[in-house]
Amino acid sequence: RLTKDRKEALMTFLWPQFLSLLLTLPLLVLLYVWLLRRRKALALRYASLSIVKEAMGKGPGLRRHIPPVLFLLALAAMLLAAARPFAVVTLPSQQETIILAMDVSGSMRATDVKPNRLVASQVAAKAFLEELPRNVRVGIVAFAGTAQVVQPPTLSREDLVAAIDKFQMQRATAIGSAIVIALAELFPDQGIDLDAVARASGRPRAMAIDAAPKKPQKEFTPVAPGSYNSAAIILLTDGQRTTGVDTLEAAKMAADRGVRIYTVGIGTVDGETIGFEGWSMRVRLDEETLKKIALQTQGEYFYAGTAENLKAVYEKLGSRLTVEKKETEVSGLLALVAAVLALLAGGLSMLWFNRVL
């Protein structure tokens, strides 16, 4: 098993002892040089050099060295493959489900993000859906004082857009409850119950609308944060939690299940005073908590202070979620390179000199 220190290297080897065989390559070079000199010495035994030149014709020049060099490179690639190298490469992501948890609290009517925070988030979310591969399922959780699944994970982009267009603003902000509801949607067999989580934390719960019957919560074994590659949560909010499950407790639930949460903060850090149903309130972006959520779950935090920034954030998220950097064994690739070099060396030697090397 590779250690953390080895993973930070450009390339690591599972069987590094095979690398010592690379020391034989300089010996092969010396052997090749010796054979060339021996051949030259034998040629000098002729009584007349002119006879030798006439018999040999025009020499092959540098061409005669190309097949041996290619064969030497093939041997080097074979030996590297035998050491079973691992490298960090960019591969298509294995994530199959993404949950968009979007804030629809009253503070989203603030106009510091034009035309307002809610409309800007709706437009950016729909643009994000267009860029995602069609094989990625997406679900939507809307939250304010309540947290609810407004669209279960689906491949239908039309259904997702329709759900986003139907957002209705409500009072309060239950960020932690939205995370719990998202996890319940990702892991239906674990029986995650928002009421039970709220009671365990000793805090007032945020209501959740969920037509599916509750299942008894099952025991599970925590895994490493960020290790679950089949799903991710994107959390977009503009304020602070005012009700529901504690945000960081919910983030720990996600971390224990290996689910990454990518947090997006929309609005200005200084905040804005808005009126809502006869109330006047100042709404501020709680960047510190959003950064802690991302850090705890091995996700990433993005700040979106304008509509343009928000769109750019979703574009970045799309690229991160469709490809990922993974440490992968590349011995098969090196073996393929070795085979191609060996065939090329033999083919050129046959074409030019009617012999294999």
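Tutor: Start with contact, which means heavy atoms within 4.5 Å. Take Val 180. Leaving out residues up to four places away in sequence, Val 180 touches Ile 192, Leu 194, Val 197, Val 245, Ala 250 and Met 253. Two notes on the source. This is a predicted model: local features need pLDDT of at least 70, side-chain atom pairs count only at pLDDT 80 or more, and totals for chains, interfaces and linings use all residues. Residues are numbered from 1 along each chain as its sequence is written, and side-chain values use heavy atoms, with hydrogens and water left out.

Student: How many residues are in the largest nonpolar core?

Tutor: In soluble globular proteins, nonpolar side chains tend to be buried together. Buried means under 20% relative accessible area, exposed over 50%, and partly exposed in between, with a 1.4 Å probe and protein chains only. A nonpolar core is a set of buried Ala, Val, Leu, Ile, Met, Phe, Trp, Tyr and Cys residues joined through side-chain atoms within 4.5 Å. Here the largest one has 35 residues. Val 180 is among those with the most contacts inside it, and so is Ile 179.

Student: Which helix gives the most to this core?

Tutor: Helices (H or I, at least four residues) and strands (E, at least two) are DSSP runs, numbered from the N terminus. Helix H7 (175-186) gives the most, with nine residues. Of the 12 residues of H7, 11 are buried. They include Gly 176, Ser 177 and Leu 186.

Student: Is Ala 251 buried or exposed?

Tutor: Ala 251 is buried, at 0% relative accessible area. This residue is found in helix H9 (residues 247-256). Beyond its neighbours within four places in sequence, Ala 251 is in contact with Ile 179, Ile 293, Gln 296 and Thr 297.

Student: At what angle do H5 and H6 pack?

Tutor: Axes are lines fitted to C-alpha atoms, for helices over the stretch in contact, and angles run from 0 to 180 degrees between N-to-C directions. Helix H5 (residues 117-131) and helix H6 (residues 157-165) pack at about 175 degrees, with axes 10 Å apart. That makes H5 roughly antiparallel to H6. Angles under 35 degrees count as roughly parallel, over 145 as roughly antiparallel, 65 to 115 as roughly perpendicular and the rest as oblique.
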